[in-house]
Amino acid sequence: MILNVLYSVVCRDITLYCQRRGEWVVPLLFCVMMVTLFPVILRSDAILIAKWGPAIIWLAVVLSLIWSLEAVFRLDYQEGILAQFVMSPYPLPLLMVAKLVAHGIVIGLPLLILAPLLGFLLQLSPAVLSALGLTLLVGIPSLMLVGALGAALTLGLSQGGVLLAVVVFPWMIPVVLFGIQAVMSVANGGALGAEILLLLAMLIVLLVTVPKAIATALKISLG
Amino acid sequence: MLKLENLGYERENKTLFSNLTSEIPLGAFVNVVGQNGAGKTSLLKVLAGLWQPTTGSLVWDNKSLPLAAPLFWAELLYIGHESQLQPTLTPLQNLKGWIALNSLEGSAIKDIEAALVQVGLKAFMHLPAEILSRGQRQRVLLARLWVNPPRCWILDEPFTALDEAGILAVKHRFEEHLLQDGIIIVATHQPLQISAETTRHIELHST
């Protein structure tokens, strides 16, 4: 029964995002623009691009995610629909995870596909491309959880979007550091090391703790 | 049964209401009356378990909120004064999403369609909610009263923007629900006449 409800939340949110294309197309375009500008700055120096390209792609993905996450609760908050979620007899943390799954399908998945494509554009080696895909596969869900918590905390504030970036970025730093560290070591001829396991461990910890925190933050924001 | 024990609420150092004690049995109709800004909406939000009361507590079926909130919410229908409709989704999609969240049993799509027909929105069912007039949007929300509604209703100014026929239909629905041992708590500007076994009036005054 609860699975039906979660499924209907995911479907409803995806329908909503399909109608509000600006919420996710603009962050995706931003990611593409940031990465394509990068070779221009480095004057197409192939060695520098090969060295720093993976890190830039990771950063671009992080910034687009922060941008897009501002919408994850706002659309329903404005219309007073978030109260319907809070007042549901079903567990709020699970409902919010369903909302994040929809967000992940609409924005996380395209970013995950986009990142190796952009890497291909920068002529990164196949080993680096696969490392990029793998680290982002584990990293994006962690970043989304942290970002969503920030979005829930800044929900009632008029300048929430700006504050969100300030609140969320410090918490994202461990994920970003290990993610970039992992791809950089592959780019420098090494192998995927302990970083990917650390990323995975962080994801598990966040997955267990953050949904509950999001639920509490939302109740405070609505009260 | 809903029990209010010494309920009080304060916002920005202003006491909106205090020492509200009342027992609301099944089949009771409660009319919250007051001027604009008297605190009707705040009272309803506290009664719905959405806001924490500053003093006192709320008891549903002998269990105290907020611990029993999920139990209470499974039997509660709350219609606030926010739009509660996603403007780009259709009335049908909006209601479907709401019922999925709010009701433990869920509802068949044809029941939702029937309810929308009932409130006179047959031609608007599949159009975006943003093109509806205010009265029609209110009708979409009120259609929920006809689709497998829970036991306890808390409605904030449900007659806003409704025409005469709409008001009559909703009042009629109230009486039906009260006969089936439902609880209805309604905030209005003007006192409302509804035939019920038990009727309570809560008057709020702006200070």
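A: Helix α6 (residues 92-121) of chain A packs against helix α9 (residues 194-222) of chain A at an angle of about 105 degrees, and their axes are 8 Å apart. This makes α6(A) roughly perpendicular to α9(A), where angles of 65 to 115 degrees count as roughly perpendicular, those under 35 as roughly parallel, those over 145 as roughly antiparallel and the rest as oblique. Axes are lines fitted to C-alpha atoms, for helices over the stretch in contact, and angles run from 0 to 180 degrees between N-to-C directions. Helices (H or I, at least four residues) and strands (E, at least two) are DSSP runs, numbered from the N terminus.

The model is predicted: local features need pLDDT of at least 70 and side-chain atom pairs count only at pLDDT 80 or more, whereas totals for chains, interfaces and linings use all residues. Residues are numbered from 1 along each chain as its sequence is written, while chains are lettered from A and ligands numbered from 1 in the order in which they are written.

On the α6(A) side, the residues that meet α9(A) are Leu92(A), Pro93(A), Met96(A) and Val97(A). Their counterparts in α9(A) are Pro211(A), Lys212(A), Ile214(A) and Ala215(A). Two residues are in contact if their C-beta atoms, placed from the backbone, lie within 7 Å.

Thr15(A) belongs to helix α1 (residues 2-19) of chain A and, with neighbours within four places in sequence left aside, is in contact with Leu89(B) and Gln93(B). Thr15(A) is partly exposed, with 17 other C-beta atoms within 10 Å. A residue is buried if 20 or more other C-beta atoms lie within 10 Å of its own, exposed if 12 or fewer, and partly exposed in between, with C-beta atoms placed from the backbone. From C-alpha to C-alpha, Thr15(A) and Gln181(A) are 37 Å apart, at a sequence separation of 166 residues.

After α6(B) comes Asp181(B), in the loop between α6 and β8 of chain B. Although not a glycine, Asp181(B) has a positive phi of about 65 degrees, and it is exposed, with 12 other C-beta atoms within 10 Å.

The strands β3(B), β7(B) and β8(B) belong to an open sheet of five strands with parallel pairing and the order β6-β7-β8-β3-β9 (chain B). Strands pair if DSSP finds at least two bridges between them. The edges are β6 (76-79) and β9 (198-204) of chain B, each with a single partner strand, so one side of each is left without a neighbour in the sheet. On average, direction ignored, neighbouring strands of this sheet are turned by 10 degrees against each other. Five bridges join β3(B) and β8(B) in the parallel sense, and Val33(B) has Thr188(B) in β8(B) as its bridge partner. Helix α1 (residues 40-47) of chain B also packs on the sheet, where it touches β3, β7, β8 and β9 of chain B, and its direction makes about 160 degrees with that of β8(B).

Antiparallel pairing occurs elsewhere in chain B. Strand β1 (residues 2-11) of chain B pairs in this sense with strand β2 (residues 14-24) of chain B over seven bridges, and Lys3(B) stands opposite Glu23(B) in β2(B). The two strands form a hairpin with two residues between them, and Glu12(B) in the turn has a positive phi of about 50 degrees. β1(B) also pairs with strand β4 (residues 55-60) of chain B in the antiparallel sense, over five bridges, with Leu2(B) opposite Trp60(B) in β4(B).
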